[in-house]
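These are my notebook entries on one chain, kept in the order in which I looked things up. The sequence and model come before the entries.

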Amino acid sequence: MMDPNFKIGLEPLLCENPRILVLGSLPSDKSIQRQEYYGNPKNLFWRVIAGVFDTDIPTDYNRKINLLANKGIVLWDIYHSAHREGSLDSNIAEPEFNDIASLLRDYPSIKTIALNGGTAEKGFKRYRRTCNPDLSGITIIPLKSTSSMVVTAGWNLERLTEQWRLISEI
């Protein structure tokens, strides 16, 4: 019998000549079920990205993918899999890393890694210590999470979008 708390993330969302890799932690249950990055409508990611690039919020997943591709953005997660009850990052246990080093080797045009939230940032630091990837010439930008939980921490969409604007200035 399969463990319902064992979660496997999504494949990287790639594009031609990417400049920016946005790393999350592990997709929510809803995102895994839909097989869509930031598939939970409560997550602010797509609204933030639309605000950063001053465009309409894409209405379907293909338009979302196209928006990212046009801006040279790749999406992936620090973790390939983990045990996690529910969708909270704080419940992640026994995580396995994605092979970010290979992605960076395969796409040398990536010069920026944006970390979506504290769990992604902590996980990436652990990945660096464990796997020692070549990050020469790559800028690392830790950003506030686009999870709906940031609202309870005093962040609103406007403030979050303003911080995330850093990725548009690269």
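Which residues does N98 touch, not counting residues up to four places away in sequence? I found W76, D77, I78, Y79, H80 and Y127, where contact means heavy atoms within 4.5 Å.

**Entry 1: ground rules.** I am working on a predicted model, in which local features need pLDDT of at least 70 and side-chain atom pairs count only at pLDDT 80 or more, while totals for chains, interfaces and linings use all residues. Residues are numbered from 1 along each chain as its sequence is written, and side-chain values use heavy atoms, with hydrogens and water left out.

**Entry 2: the chain as a whole.** I counted six helices and seven strands, taking both as DSSP runs numbered from the N terminus (helices are H or I with at least four residues, strands are E with at least two). Read along the sequence, the pattern is β-β-α-α-α-β-β-β-α-β-α-β-α. For 170 residues a compact globule would have a radius of gyration near 15 Å, and the chain agrees with its 15 Å; the radius is taken over C-alpha atoms, and the globule rule is 2.2 Å times the number of residues to the power 0.38. Along the principal axes, the C-alpha atoms fill a box of roughly 45 × 35 × 30 Å. I also noted that 46% of the 170 residues count as buried, with buried meaning under 20% relative accessible area, exposed over 50% and partly exposed in between (1.4 Å probe, protein chains only). Of the contacts with a separation of 6 or more, 69% are between residues 24 or more positions apart.

**Entry 3: back to N98.** I placed N98 in the loop between β5 and α4 (100-106), and its relative accessible area of 6% makes it buried. A polar atom of the N98 side chain lies 3.2 Å from the backbone oxygen of Y79; I count as a polar contact a pair of N or O atoms within 3.5 Å, where within protein one must be able to donate a hydrogen and the other to accept it, and where residues adjacent in sequence count only if both atoms are side-chain atoms. Y79 in turn has F97 of β5 as its bridge partner.

Entry 4: Strands β4 (residues 79-83) and β5 (residues 93-97) run antiparallel and are joined by three bridges; two strands pair if DSSP finds at least two bridges between them. Strand β1 (residues 6-8) also runs antiparallel to β4, again with three bridges. I then turned to K7, which is found in β1 and has A82 of β4 as its bridge partner. Is K7 buried or exposed? At 8% relative accessibility K7 counts as buried, and a polar atom of its side chain lies 2.8 Å from the backbone oxygen of R84. Beyond four places in sequence, the residues that K7 touches include L26, D29, I32 and E85. The C-alpha atoms of K7 and L26 are 8.3 Å apart, for a sequence distance of 19 residues.

**Entry 5: the nonpolar core.** I define a nonpolar core as a set of buried Ala, Val, Leu, Ile, Met, Phe, Trp, Tyr and Cys residues joined through side-chain atoms within 4.5 Å. The largest one has 48 residues, and L21, V22, L23, L75, I113, W164 and I167 touch the most other members. Helix α2 (residues 45-52) gives the most to this core, with five residues. Leaving aside neighbours within four places in sequence, I167 is in contact with I20, I49, V52, F53, I73, A114 and L143.

**Entry 6: helix α6.** In α6 (residues 157-164) the buried residues are L160, T161 and W164. Seen down the axis they fall within an arc of 100°, so they line one face of the helix; the arc is that of the directions from the helix axis to the C-beta atoms. These residues pack against β2 (20-24), α2, β6 (112-116) and β7 (139-143). At the start of α6, a side-chain oxygen of N156 reaches to within 3.2 Å of the backbone nitrogen of E158.

**Entry 7: positive phi.** Most residues other than glycine have a negative phi. D54, not a glycine, has a positive phi of about 50°; it sits in the loop between α2 and α3 (61-70) and is exposed at 72% relative accessible area. E94 also has a positive phi of about 50° without being a glycine, but its place is in strand β5, where it counts as exposed at 60% relative accessibility.
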